[in-house]
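Here are my notes from going through the model, point by point. Have it open next to you while you read.

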Amino acid sequence: MNDRAVTVVRAGALTTVQDLGRPGYAHLGVPRSGALDPAAARLANRLVGNDEGAALLETTVNGCALRPRSAVTVAVGGAPCAVRADGRPLPWGTAARVPAGALLEVGPAVRGLRAYVAIGGGIAVDPVLGSRSTDLLSGLGPAPLADGAVLPLGAAAAARGSVDAPPWPGPPDELVLRVRLGPRDDWFTGGALRALTTRAYLVSPASNRIGLRLDGPALRRARPGELPSEGMVLGAVQVPPDGRPVVFLADHPTTGGYPVVAVVREADLGAAAQAVPGTPVRFVTAP
Amino acid sequence: MGERALLVELADGAAAEAFHAELLRRRAAGALPGVREIVPAARTVLLDGVPEPARLAAELPGWEPGPRHARVGGVVEVPVRYDGPDLAEVAARWGVSPAEAVRIHSSAEFRVAFCGFAPGFGYLTGLGARYEVPRRATPRTAVPAGAVALAGPYTGVYPRSSPGGWQLIGTTDAVLWDTAREPAALLSPGTRVRFTPAAAPSAGTGAGR
């Protein structure tokens, strides 16, 4: 392998390669996948001069450490965290140069959950169905990072992208998710619908890339029985038999048999992906 | 459904199949710009990435069903060794011998109604209503890749090893899902399928993987 590569020194709790996913294959049972906080991923890519859809790294909770074989341009965004090269502090949220062989350390998230590490040229693993994203539901794409793994890089753009004063919205203290009710709100009691839109929920530690799981009032069904399998969308609020809603994120299954009481606006899902366990969640209906 | 999706509910599976075929015909003709996903299921078809869902929803009742054009593409033949651990139980539920159950299953023509559960896993219809079987009370923790299985009105083939609660009636060496192949999925919605009885492989042969 040539020197356009990085070695994974510390993979972290869960670090995956992500881009903007592989939409268009849901009819074959293939999840969309892709970065959970796409706005942060796009911005980090722009900062290093990459195409917005270039593959980068999505860390979870405690960052990662990498050693590039050649000098690279790096930007870390998403969840705020300390960034260092051979122990020296680097700025977070802007592009910085990391020399060949230096240890790039992306520290634990100070707030939020998921940091995005964009490297000039992008991560150049082989795409699967047009995407380099790791899909944890169906196992498509590269495996999550492991210590010692080597990731190839693409050719870096000659000129860095121009980004001035990029906005980095901080992770929320309270997650407000705008929803539109349906398609199966008629499967629930009026009390359940009131509970959904007036009571407080908390982000459960069981959340993952497939769904944001919530603790809080169980939503009671108005009718028994099973729903024949139907197509699911990103942001669907699915209610399994225990009544606790699950908000579908990028690696969600493409069909399912539990009723969807409402769908969250796609623009609100990036914040959902940064909400740490225990964060209060409120659903509000929006047209 | 949400901001940019429509979930269209049809009367039954056959109506969903016809509506799905009509959607694909219109999309091929360029009439559904922007629509990213068309996902058929048991009794519904989901359209995602619809620029103006309310407008499309208002148009749908006025759609004239297209001509029932001859289906392009042939029948995919899936060779099966009918050696599944649940074959005897399925035959008993049907009130026939295992040999007769094999004859019934291998003489039907199936159609992929929809996919889901895992990439390349199709839900195939084609057996009469009297041949529906329940899922196993206790799912298996590992069903091998290539297992041919029944649940409810559906036949399915596991593309890879996974947990599963379907009744296993046989095994195939056909590769259901291979991302290095174009197309990756052997079975996609609308594909017609026949299961053909295959002899058990003699020692030392069998499909290479």
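1. Start with strand E8 (residues 147–151) of chain B, in what is a predicted model. Since 4 of its 5 residues are buried, E8(B) is largely enclosed by the rest of the structure. Buried here means that 20 or more other C-beta atoms, placed from the backbone, lie within 10 Å of the residue's own.

2. What does E8(B) pair with? One partner is strand E11 (residues 167–171) of chain B, antiparallel over 4 bridges, with B:Val148 opposite B:Gly170. Another is strand E9 (residues 154–157) of chain B, also antiparallel with 4 bridges; there B:Ala151 has B:Tyr154 as its bridge partner. Pairing requires that DSSP finds at least two bridges between the strands.

3. Have a look at the turn as well. The hairpin of E8(B) and E9(B) has 2 residues between the strands, and B:Gly152 takes a positive phi near 55° in it.

4. Over in chain A, strand E9 (residues 104–109) is joined to strand E4 (residues 64–68) by 3 bridges, running antiparallel. A:Cys64 has A:Val106 in E9(A) as its bridge partner. Strand E6 (residues 81–85) of chain A is antiparallel to E9(A) too, with 4 bridges, and A:Cys81 stands opposite A:Ala109.

5. On to domains: chain B is assigned domain 1 (5–62) and domain 2 (75–197), with bounds from an automatic or database assignment. Their centres, over C-alpha atoms, are 27 Å apart.

6. How many residues of each chain meet at the interface? 26 of chain A touch 29 of chain B. The chain A side divides into 12 nonpolar, 10 polar and 4 charged.

7. Confidence: the model scores ipTM 0.92 and pTM 0.93. Chain B averages a pLDDT (the predictor's per-residue confidence, 0 to 100) of 91, and 91% of its residues score at least 70. Residues 202–209 of chain B stay under 50, with 3 contacts beyond four places in sequence.

8. Bookkeeping: residues count from 1 along each chain as its sequence is written, with chains lettered from A and ligands numbered from 1 in written order. Local features need pLDDT of at least 70 and side-chain atom pairs 80 or more, while totals for chains, interfaces and linings use all residues.

Notes: Contact = placed C-beta atoms within 7 Å. Nonpolar A, V, L, I, M, F, W, Y, C, P; charged D, E, K, R; others polar. Buried ≥ 20, exposed ≤ 12 C-beta atoms within 10 Å, placed from the backbone.
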